[in-house]
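Let's walk through this structure together, one step at a time. Keep the picture open as you read.

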Amino acid sequence: MTCWDVVQDYGLRSLGIGERLLPRSDFTLCQQVVLIGSGMLWNIYFGAIALAAGFFLAIATAVAKAHHNPLLRKPADAFVLLFRGSPLFIQFFFAYFAFLNLKSVSPMLDDLSSAWLGALIVLFLNTSAYSAEIFYGALMSIPKGDNEAADAYGMHGFSRFRRITLPTTLRLAWPAYTNEAIFLFHSTTLVFVSGFPAQSQRGDALYYASYFADKTFNPFVPYPILAGYFILLTLTVIGLFGIVNRRLNRHLPRENTPKIRLRPNLIR
Amino acid sequence: MSEPGATIFSFCADPSSIDGFEWLACYLTTAKHLSIYWSVGTVLLLLAITAPVALLFGFGGASAARSRVWPVSIIGRSYIAVVRGVPDIAFFLFFVIALDQFFEYLRHQVKCPDWDMPIRQGNDFVVCAAAKLPLGNAPQWMHEVYGFSLAVLTFSIVFGAFAANVLYGAMRAVPRGQIETAEAYGMTQRQTFWRILVPQMWVYALPGLSNLWMVLIKATPLLFLLGVEDIVYWAKELGSTKTSKFTDYPHGDWRMWYFAGLLVFYLCFTKVSEAVLGRISRRLSRGQATAAGEAQRKAALS
């Protein structure tokens with residue numbers, strides 16, 4: 001069995017396409033690389049969608065947090081505190097069991113207890129809260145002169161937000177937001193170890209890596225493969241966000257462009 | 001098998017005859033519930049051991065990264081760098097097996113030098129019986145202590161790398177003039193390091209270390225994945241559906257409420273830590289030539 005056959009059998013195994021049974025003995029390096037890579041599809045799916053959707057909720061929450069009206073500010077504060085103050089691991093567990101209870105309410109809610117939707121919702125809310133804090137910090141450090149200039153030009157309301165506030169906020173927040181994106185991708189590995197079932201062994205990269213580690217009792221092959229994939233993913237995220245960073249700062253002299261520096265944030 | 005009658009409250013002798021608040025009071029003090037309260041102690045113990053050990057690892061890593069001997073410096077830098085790009089959870093799962101096998105391998109080399117079979121036989125890791133950790137005939141508590149120690153060591157290695165990163169940054173944040181002055185006074189490298197750099201770096205390291213402490217608190221539920229019977233384990237165990245066959249306190253699936261309780265527990269824990277760390281940071285920046293110290297001075301004047 002050549003490696004190409006393995007790719008055909010297991011390349012999309014994490015989506016349920018291809019060979020039904022996972023390899024059980026005589027694990028080859030190729031099998032491990034292909035299956036763990038196939039699991040990465042889940043990590044990318046969770047991370048990309050949660051990040052894209054969370055961006056908008058994060059901006060809205062940050063604006064609400066900075067608002068003078070307590071009816072907007074207090075709920076935003078509570079939302080951020082709830083998701084930043086507790087471990088993501090426990091949030092997953094709580095959400096999973098809460099969704100299980102919801103199942104009895106209506107069959108429409110069945111999908112909530114499966115990972116593709118339920119875990120995505122938790123990650124979406126979680127990254128929104130973390131990003132909201134980042135954007136809030138940036139919103140607070142917009143130079144006073146920018147706002148005064150906007151006043152002088154008679155800009156108000158939404159046009160001022162769209163033309164002055166938002167671009168500066170994004171520019172200031174972007175390096176920190178890049179880190180948030182990286183660690184969001186890292187925390188997607190928690191999904192299948194925290195309650196959400198991997199239906200018919202369709203799991204993420206960590207799920208397959210720990211499958212191989214359990215079967216072979218040798219952690220020195222699957223985990224480095226997993227690490228390699230995540231380093232690639234991290235570099236891709238840094239590259240993509242770097243392009244956006246350059247665009248956000250294109251009106252500034254080159255040496256003023258803030259560099260994106262990787263800051264470890266570990267587990268939520 | 002019925003649980004032994006709870007002894008904390010006298011009215012708990014017959015659980016089927018009571019309800020409301022009394023029932024809840026009895027339910028929450030059953031022998032099994034006492035284990036979940038004890039496991040909170042496990043979490044605190046983990047924090048109490050991991051924090052200083054990780055700080056030590058971090059200090060070692062940061063000093064190594066600064067070293068002028070390049071192999072040492074490379075080791076220190078890669079220790080810091082490698083945990084950045086990879087999900088931490090992968091490290092936890094990796095180290096717990098790898099450390100276990102490493103210790104067993106070392107003991108195997110020492111205790112059974114005349115063993116002739118390979119240690120890795122296909123999918124098995126085989127060491128001689130005398131090298132097993134803990135020994136096959138060891139009591140249950142030894143297994144638990146060994147599992148917990150492995151978990152603590154794993155946490156310390158991973159968090160040590162993060163602490164190393166923070167301390168490395170803090171060492172570089174100490175004003176260059178301080179080092180130059182020390183050199184001008186004729187201090188050796190070692191003296192400069194221990195007498196000038198190390199005492200001054202803490203104020204720069206504190207924000208990062210506070211953040212790390214918060215992260216460490218939030219990482220404690222991962223003990224569950226390392227096979228320790230911690231609060232997550234007990235919340236799952238106690239919350240699951242119980243029928244009257246097995247317990248005097250039958251109930252449905254309450255796991256959601258148990259995890260809601262854990263959420264609240266962690267929220268309170270972070271809140272308290274935040275308050276304490278805020279006090280420490282105010283105390284440490286008093287009289288320092290930093291923005292925070294300056295703000296305190298001005299506030300005192302007005």
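At what angle do helix α8 of chain A and α4(B) pack, and how far apart are their axes? Helix α8 (residues 205–216) of chain A packs against α4(B) at an angle of about 5 degrees, with the axes 11 Å apart. Because angles under 35 degrees count as roughly parallel, α8(A) is roughly parallel to α4(B). Here an axis is a line fitted to C-alpha atoms, for helices over the stretch in contact, and angles run from 0 to 180 degrees between N-to-C directions. Helices (H or I, at least four residues) and strands (E, at least two) are DSSP runs, numbered from the N terminus.

Before going on, a word on where this comes from. This is a predicted model, in which local features need pLDDT of at least 70 and side-chain atom pairs count only at pLDDT 80 or more, while totals for chains, interfaces and linings use all residues. Residues are numbered from 1 along each chain as its sequence is written, chains are lettered from A and ligands numbered from 1 in the order in which they are written, and side-chain values use heavy atoms, leaving out hydrogens and water.

Now look at who meets whom. From α8(A), Leu206(A), Ser210(A) and Ala213(A) are in contact (heavy atoms within 4.5 Å) with Ile89(B), Ala90(B), Leu93(B) and Ile97(B) of α4(B). By class, this meeting has six nonpolar residues, one polar and no charged.

Step back to the two chains. In total, 41 residues of chain B are in contact with 43 residues of chain A. Together the chains bury about 3900 Å², 76% of it on carbon and sulfur atoms; buried area is the accessible area (1.4 Å probe) that two parts lose on being put together, summed over both. How many salt bridges are there between chain B and chain A? The count is zero, a salt bridge being a side-chain nitrogen of Lys or Arg within 4 Å of a carboxyl oxygen of Asp or Glu.

Over all chains, though, the structure holds seven salt bridges. One of them joins Asp77(A) and Lys65(A), whose closest N and O atoms are 3.0 Å apart. Asp77(A) lies in helix α3 (residues 70–85) and Lys65(A) in helix α2 (residues 29–66), so the pair ties together parts 12 residues apart in sequence.

Finally, chain A has nine helices and zero strands.

Terms used: Angles under 35 degrees count as roughly parallel, over 145 as roughly antiparallel, 65 to 115 as roughly perpendicular and the rest as oblique. Ala, Val, Leu, Ile, Met, Phe, Trp, Tyr, Cys and Pro count as nonpolar, Asp, Glu, Lys and Arg as charged, and the others, Gly among them, as polar.
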